[in-house]
Amino acid sequence: MKCRICRAKASVNLRQHNMALCKEHFLEWMPAQTARFIKKYGMFTPEEKILVAVSGGKDSLSLWDILVRLGYQADGLYICLGIDEGIRYSSESQRLAEKFALERGLKLHVVDMQKEYKESIPSLTLKSNRSRGKDCSICGLVKRHEMNRIARDFGYAVLATGHNLDDEAAVLFGNTLNWAGEYLLRQSPVLEGRPGLVRKVKPLCRFYEREMLAYALLRGIEYIYDECPLSVGATSIYYKEMLNRLENDHPGTKLSFYLNFLKARKSGLFTDREEIQAELHPCPTCGQPTSAEGICSFCRIVTS
Ligand code: AMP
Ligand code: ZN
Ligand code: ZN
């Protein structure tokens, strides 16, 4: 296989795009594509300050790398969730996020749930008496709350996460199985901000996980290889496996599943529901917008 651009030996085969690229041209292609998606979906401008949520994994660290290379003003945020499970998962992720920032002279905010709230994901799961499979939903809630808090407090215009196409297709698959209308309406490369809620963007949403893996490896980014040990058995992982089987037999399935969904929604598939937006009021405890009656779910679980 030869690089489509320079005819040198290819390093990455982009099957779904019917092309292969050498290392050098692949490392140019990824940021150029990202810049295209940022523009296409109107994610942010060069004047806006971006907060990149970094987990220490390949996607979010590569995202940070790409945004900085493209010349955006991007700081990082790492949330230490206190997950150990015998592999020091959180502290190792934190070390890698800090190393990445230090080596490039970038600013990284760190929120430590233990120091801030005297809680961790395992302690919150125990406290809320939820079953183990629910770890991920509590973790998602905590991350969303803290990402928004830091973005707001430090005046960032936008919050960027490292969700890739495999993540988005798996979420879409789950939401479609349940015909979860509200979620389908909101699943988007850009979620506009509302009073008290910062705009959220997913610049990597059109890249396959294997493209992100290739980018991190070829760029020499050191990242945590382990998946979160608490996510074992999560339905999202099961959906990813199913989609990988489809993709294997029919290359391009994941991308068309996701892009055709975006197209269908744009052309009005869910327009009836567009007016339905939950009423939000500020949580009396933390001040963040919530649709829950009284205090928000974060404060109910974490601080009460
Ligand atoms: P996940 O929820 O693990 O699928 O991660 C999705 C995205 O959320 C990642 O690409 C990151 O942008 C962000 N993220 C996940 N974990 C953390 C964390 N501990 N701190 C900051 N951001 C995170
Ligand atoms: Zn080349
Ligand atoms: Zn609250």
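1. Four donors count as tetrahedral if all angles lie between 85 and 135 degrees. In this predicted model, the four donor atoms around the zinc ion (ligand 2) subtend angles of 99 to 115°, so the arrangement is tetrahedral. The donors are SG of C3, SG of C6, SG of C22 and ND1 of H25, at 2.0 to 2.3 Å. Along the chain these donor residues are spaced C-x2-C-x15-C-x2-H.

2. Where in the chain do C3 and H25 lie? C3 is in the segment before strand 1 (12-14), and H25 is in helix 1 (residues 23-40). The two are 22 residues apart, and the pair links distant parts of the chain. C3 has a relative accessible area of 0% and is therefore buried. H25, with a relative accessible area of 12%, is buried because the limit for that class is under 20%.

3. C286 belongs to the loop between strand 9 (281-282) and strand 10 (289-290), while C296 belongs to the loop between strand 10 and helix 12 (297-303), so the pair ties together parts that are ten residues apart in sequence.

4. Are C286 and C296 buried, partly exposed or exposed? C286 is partly exposed, with a relative accessible area of 29%. C296 counts as buried, at 5% relative accessibility.

5. F26 and W29 are both buried.

6. W29 also pairs with F207: the ring centres are 6.1 Å apart and the planes stand at 70°, so this pair is edge-to-face. W29 lies in helix 1, whereas F207 is in the loop between strand 8 (199-201) and helix 9 (209-219), so the pair ties together parts that are 178 residues apart in sequence. Both W29 and F207 are buried. Ring pairs link F26, W29, F37 and F207 into a cluster.

7. Two cases of a charge over a ring can be listed. The charged end of R104 sits over the ring of F100, 3.7 Å from the ring centre. The charged end of K40 sits over the ring of Y41, 5.7 Å from the centre of that ring.

8. An open sheet of six strands has mixed pairing and the order 5-4-3-6-8-7. Which strands stand at the edges of the sheet? Strand 5 (108-112) and strand 7 (190-191) do; each has a single partner strand, so one side of each is left without a neighbour in the sheet. Strand 3 (residues 49-53) and strand 6 (residues 158-160) run parallel and are joined by three bridges. I50 stands opposite V158 in strand 6.

9. D167 is a residue of helix 7 (residues 165-177). At 16% relative accessibility, D167 counts as buried. Leaving out residues up to four places away in sequence, D167 touches G162 and K240. D167 and C205 are 38 residues apart in sequence, with a C-alpha to C-alpha distance of 8.0 Å.

10. Backbone angles deserve a separate point. Most residues other than glycine have a negative phi. N18 has a positive phi, near 55°, and is found in the loop between strand 1 and strand 2 (19-21). N18 counts as exposed, because its relative accessibility of 68% is over 50%.

11. E85 also has a positive phi, near 50°. E85 is placed in the loop between strand 4 (73-80) and helix 3 (89-104). With a relative accessible area of 41%, E85 is partly exposed.

Key. Residues are numbered from 1 along each chain as its sequence is written. Chains are lettered from A and ligands numbered from 1 in the order in which they are written. This is a predicted model: local features need pLDDT of at least 70, side-chain atom pairs count only at pLDDT 80 or more; totals for chains, interfaces and linings use all residues. Side-chain values use heavy atoms; hydrogens and water are left out. Donors are N, O and S atoms within 2.8 Å of the metal (3.2 Å for Na, K and Ca); water is not among the atoms, so sites may look incomplete. Four donors count as tetrahedral if all angles lie between 85 and 135 degrees; four count as square planar and six as octahedral if opposite donors are over 155 degrees apart and all others between 65 and 115; anything else is irregular. Helices (H or I, at least four residues) and strands (E, at least two) are DSSP runs, numbered from the N terminus. Buried means under 20% relative accessible area, exposed over 50%, partly exposed in between (1.4 Å probe, protein chains only). Rings of Phe, Tyr and Trp (its six-membered ring) pair if their centres lie within 6.5 Å; planes under 30 degrees apart count as stacked, over 60 as edge-to-face and the rest as tilted. A charge sits over a ring if NZ of Lys or CZ of Arg is within 6 Å of the ring centre and within 35 degrees of the ring normal. Two strands pair if DSSP finds at least two bridges between them. Contact means heavy atoms within 4.5 Å.
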